[in-house]
Amino acid sequence: MPDAPVRVLLADDEPLVRSGLRLILDAEPDLEVVGEAGDGAQAVELTRSLRPDVVCMDVRMPGVDGLRATELVLRLPEPPRVLVVTTFEHDGYVLDALTAGASGFLLKRARADEMVQAVRTVAVGQSLLYPQALRDLVRTRPRAASGAPALTPREREVLALVAQGMTNAEIATALVVGVETVRTHVASVLAKLQARDRTQAVVLGYRAGLVEL
């Protein structure tokens, strides 16, 4: 019996954008658009009622914007993954959404296959990391003055490699340790930073000065 398709909610105040994304995602047998929201408040309401696996969230919407909607969606029981879909790659709202726990972001000018792969990536719990784009975003904000959690030298090393977009297996090869050891370090870093995933850990690490820009 085939696996159930990934259920996707689209949140964007532009109907034409929603229609285009629906056409792209519904053409894939493993993806299903289950609803559309025209603003952040509706996105939260539909997430609660439809229980999608992934929310594709615009950040600039009238009323409740995508940032606040992301915060509210991620507070729900068994929250979905949030993929920010934005027009501007240096939009400060994107950094705020990632800090709030969004799993990654994609530009609206991305190719159709990139959009499909991005949804699949976050749906399985992986983060969508674009190291250079994240660094550029973080440079737009001052770093935290103090209060950085204490990471061990090895944890800082692992976080720096995560920030480069490496997988656990790649980090294990680079550090000549086992994958399970890397998983343990990553879990410890997430716990100390109080991050829900690798993307949020990298953003918080940059802002706290734990990762060099």
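Below is a short exchange about a predicted model, its domains, its pockets and a few of its residues.

User: How many residues of domain 1 are in contact with domain 2?

Analyst: The domain assignment, automatic or from a database, gives domain 1 (6-137) and domain 2 (146-208). Their centres, taken over C-alpha atoms, are 24 Å apart. Counting contact as heavy atoms within 4.5 Å, domain 2 contributes 14 residues and domain 1 contributes 17.

User: Where does the largest pocket lie relative to domain 1 and domain 2?

Analyst: A pocket here is an open set of points on a 1 Å grid over the protein atoms alone, with protein on both sides within 12 Å along at least five of seven lines; lining residues have an atom within 4 Å of a point. The largest one has a volume of about 310 Å³, and of its 13 lining residues the closest to its centre are Gln126, Ser127, Met166, Thr167 and Arg198. Because both domains give residues to the lining, the largest pocket lies between them.

User: How many charged residues are in the lining of the second largest pocket?

Analyst: That pocket holds about 190 Å³ of space, and its lining includes Arg48, Arg51, Asp53, Glu78 and Arg81. Asp, Glu, Lys and Arg count as charged; Ala, Val, Leu, Ile, Met, Phe, Trp, Tyr, Cys and Pro as nonpolar; and the others, Gly among them, as polar. By class, the lining has five nonpolar residues, one polar and, for the charged group, five.

User: Which helices each supply at least two residues of the lining of the largest cavity?

Analyst: A cavity is a set of grid points where a 1.4 Å probe fits but cannot get out, and the largest has a volume of about 50 Å³. Its lining has seven nonpolar residues, no polar and one charged, with Leu190 and Arg198 among them. Helices are DSSP runs of H or I, at least four residues, numbered from the N terminus. The suppliers are helix H7 (153-163), H9 and H10.

User: Is Asp197 buried or exposed?

Analyst: Asp197 sits in the loop between helix H9 (179-193) and helix H10 (198-207). Among the residues it touches are Arg81, Gly101 and Ser127. Relative accessible area under 20% means buried, over 50% exposed, and in between partly exposed (1.4 Å probe, protein chains only). At 5% relative accessibility, Asp197 counts as buried.

User: Which side chain forms a polar contact of 3.4 Å with that of Asp197?

Analyst: A polar contact is a pair of N or O atoms within 3.5 Å; within protein, one must be able to donate a hydrogen and the other to accept it, and residues adjacent in sequence count only if both atoms are side-chain atoms. The Asp197 side chain also reaches the backbone nitrogen of Gln200 at 3.0 Å. The side-chain partner at 3.4 Å is Ser103.

User: What is the relative accessibility of Gln194?

Analyst: Gln194 is in the loop between H9 and H10. Its phi is positive, near 55°, in a residue other than glycine. Gln194 counts as exposed because its relative accessibility is 71%.

Terms used:
Residues numbered from 1 in each chain as written. Predicted model: local features only at pLDDT ≥ 70, side-chain atom pairs only at ≥ 80, totals over all residues. Heavy atoms only, no water. Points joined across faces, edges and corners; volume = space filled by probe spheres on them. Lists of a residue's contacts leave out its neighbours within four places in sequence.
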